[in-house]
Amino acid sequence: MRVAVIGAGPSGIYAAEHLATQYQVEVDVFDALPVPFGLVRYGVAPDHFSIRSVREKLAQTFDNPLVRFRGNVRIGRDLMPSELQNHYDAIVYTYGASLDRELGIPGENHPMSIAATAFVRWYTGHPDAIDFSDHLSKATDVAVIGLGNVAVDVARILSKSAAELEQTDIPQYVLDALSHSTVRRVHIVGRRGPANATFTTKELKELGEIPGVDVALDPADLPDDFAHASAGNKVVARNLDVMAQWSQREAIADRNIEFHFYCAPRNMDLDNGVLIVDTMKIDAQGLLIPTGGSKEIAAELVIRSIGYRGEGLPGVPFNEDTNVIPSVDGAVIGLENCYVAGWIRRGPSGIIGTNKKDAVASVNTLFQDRENTQASSSAQIDELLQHRQIDVIDFEGWKRIDAREKELGGTRNRDRTTIHSRQDLIDIGLGR
Ligand SMILES: Cc1cc2nc3c(=O)[nH]c(=O)nc-3n(C[C@H](O)[C@H](O)[C@H](O)COP(=O)(O)OP(=O)(O)OC[C@H]3O[C@@H](n4cnc5c(N)ncnc54)[C@H](O)[C@@H]3O)c2cc1C
């Protein structure tokens, strides 16, 4: 039996591992990028060393001779889902959720209004990233819209000095741009209050630990009764304690991070350097409602961090409302022999480990449904890709890229420097 897994992020790799070790199945793991690991490479913040090191554990899956990496192959362009169905006994879709969401307010399409998805791609060295170097030399105040961990990551990267980020694997040109950044204040803006933010406490606390950076928030935004506001949620209770300490501080450092709770963005007037927000409050019934007032937050650059969303593939069922592939126990509804796991199954939530449980469950469903059969040989799919002149990067190719990134880092006393050019990645991967 042979299975194709679409997406070499954590959910795809966990699915491949379970298929190979539990069921001794041959697996081809396809990824649109020349390198594996999905958001562990292109999402997890570069200064979160221990989380990024999960890559080493994930890489071990490819040591199993039953698992092949097929990088630089975009399903839906280089190979169609219908073609995969002719060559594999089953397909597991694990291609994540990479699009951004929009606020739908005036000024959102201004060149200085960018999505956090795009900004994260830039600082992690994604091959398709837009270069935001110039943006950082045109702004002193940046508004990051959103009250989740991605907003916190973005605020932290913008606030840390280049010297601190030098120890990371950030691409050299990004590091150079950050070292010339004119940004002095980062405003974290959200329509809801501190008790409704989805930060985890560890990430939140890190903002207060950046040397030379003060964190400020209005004490009036904190609830009167922390125990009532956190409603038994320990993370919320801890977050409120952290924020209560900050609310006593004054933002007097050279660089500041300021929270603006209860502020719903209404208009981005970025030519005049302001984000206009409607102020919100909680009414007697506990509902979030506008106060009728508004305020201006200084911002020459806005980064919208309001979530990721998935997209459909030709011939694969897709729910346009929830932006996921519809499934029951991991089996795609309306398409035989197709399964789904990870963010494209559940939507963009959950940490890396959440995807393991998900992938294992989907693979188990696959095996309850299937009898052992033998699909066409792997040589046929390789021939098809060769015929289409696709430069397929295998796991040996990734090892060459890995070695070159370490070598490149070494030239500047860094452990690794991420290579961001797709062509360079392909050339190195192919040993050219
Ligand atoms: C900014 C950010 C920071 C995060 N930080 C943390 C953290 O600190 N700790 C933590 O535990 N979790 C973190 N997460 C969450 C974690 O990254 C996700 O839970 C996890 O990566 C989701 O796994 P996935 O395999 O479903 O999707 P992904 O990781 O997105 O992998 C999907 C893969 O599919 C590929 N692909 C997409 N389309 C196609 C196609 N058409 N053909 C072929 N391949 C395709 C992509 O290139 C990608 O490699 C973070 C997420 C983000 C966005």
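# Briefing: domains, ligand shell and helix packing

D329 sits in the loop that joins β16 (327-328) to β17 (331-332). The model in which it is described is a predicted one. The protein chain falls into domain 1 (2-98 + 310-392) and domain 2 (102-304), and the shell around the ligand takes at least three residues from each of these domains.

**Loop residues with positive phi**

- D329 is not a glycine, yet its phi is positive, near 50°.
- D329 counts as exposed because 12 other C-beta atoms lie within 10 Å, and 12 or fewer is the limit for that class.
- Q389 likewise has a positive phi, about 60°, without being a glycine; its place is in the loop between α16 (378-387) and α17.
- With 7 other C-beta atoms within 10 Å, Q389 is also exposed.
- Most residues other than glycine have a negative phi.

**Domain arrangement**

- Domain 1 is formed from two stretches of the chain, 2-98 and 310-392, whereas domain 2 is given as 102-304.
- A distance of 33 Å separates the C-alpha centres of domain 1 and domain 2.
- To the contact between them, domain 1 contributes 8 residues and domain 2 contributes 15 residues.
- On the side of domain 1 that touches domain 2, 4 residues are nonpolar, 2 are polar and 2 are charged.

**Ligand shell**

- The ligand is surrounded by 35 residues, of which G7, G9, G38, G96 and G342 are the closest.
- Classified by type, the shell holds 18 nonpolar, 14 polar and 3 charged residues.
- At least two shell residues come from each of α1 (10-23), β2 (26-31), α2 (39-42) and α8 (149-159).
- Helix α1 gives the largest share of the shell, with 3 residues.

**Helix α17 and W398**

- Helix α17 (residues 395-410) comprises 16 residues and spans 23 Å from first to last C-alpha, close to the 22 Å expected at 1.5 Å a residue.
- The buried residues of α17 are F395, G397, W398, I401 and E405; viewed down the axis they fall within an arc of 145°, so they line one face of the helix.
- E396, A403, E407 and G410 are exposed on the other side of α17.
- The packing partners of the buried residues of α17 are β3 (67-71) and α18 (422-429).
- W398, a residue of α17, counts as buried because it has 22 C-beta neighbours inside 10 Å.
- Beyond its neighbours within four places in sequence, W398 contacts V35, P36, F69, G71, I393 and G429.
- Between W398 and T291 there are 107 residues in sequence and 54 Å in space, C-alpha to C-alpha.

**Helix α15**

- Helix α15 (residues 354-369) has 16 residues and extends 24 Å from its first C-alpha to its last, close to the 22 Å expected at 1.5 Å a residue.
- An α-helix has 3.6 residues a turn, so residues three or four places apart point the same way.

**Helix α10**

- In helix α10 (residues 172-179), V174, L175, A177 and L178 are buried; their arc around the axis is only 160°, so they lie on the same side of α10.
- The buried residues of α10 pack against α6 (116-124), α7 (133-136) and α9 (162-165).

**Strand β11 and C263**

- C263 belongs to strand β11 (residues 263-269).
- C263 is buried, since 25 other C-beta atoms lie within 10 Å, where 20 or more are required for that class.
- Leaving out neighbours within four places in sequence, C263 is in contact with V189, G190, R191, V277, T279 and M280.
- C263 and R412 stand 149 residues apart in sequence and 43 Å apart in space, C-alpha to C-alpha.

Technical notes
Residues are numbered from 1 along each chain as its sequence is written. This is a predicted model: local features need pLDDT of at least 70, side-chain atom pairs count only at pLDDT 80 or more; totals for chains, interfaces and linings use all residues. Domain bounds come from an automatic or database domain assignment. Two residues are in contact if their C-beta atoms, placed from the backbone, lie within 7 Å. Ala, Val, Leu, Ile, Met, Phe, Trp, Tyr, Cys and Pro count as nonpolar, Asp, Glu, Lys and Arg as charged, and the others, Gly among them, as polar. Helices (H or I, at least four residues) and strands (E, at least two) are DSSP runs, numbered from the N terminus. The expected span of a helix is 1.5 Å times one less than its number of residues. The arc is that of the directions from the helix axis to the C-beta atoms. A residue is near a molecule or strand if its C-beta atom, placed from the backbone, lies within 6 Å of it.
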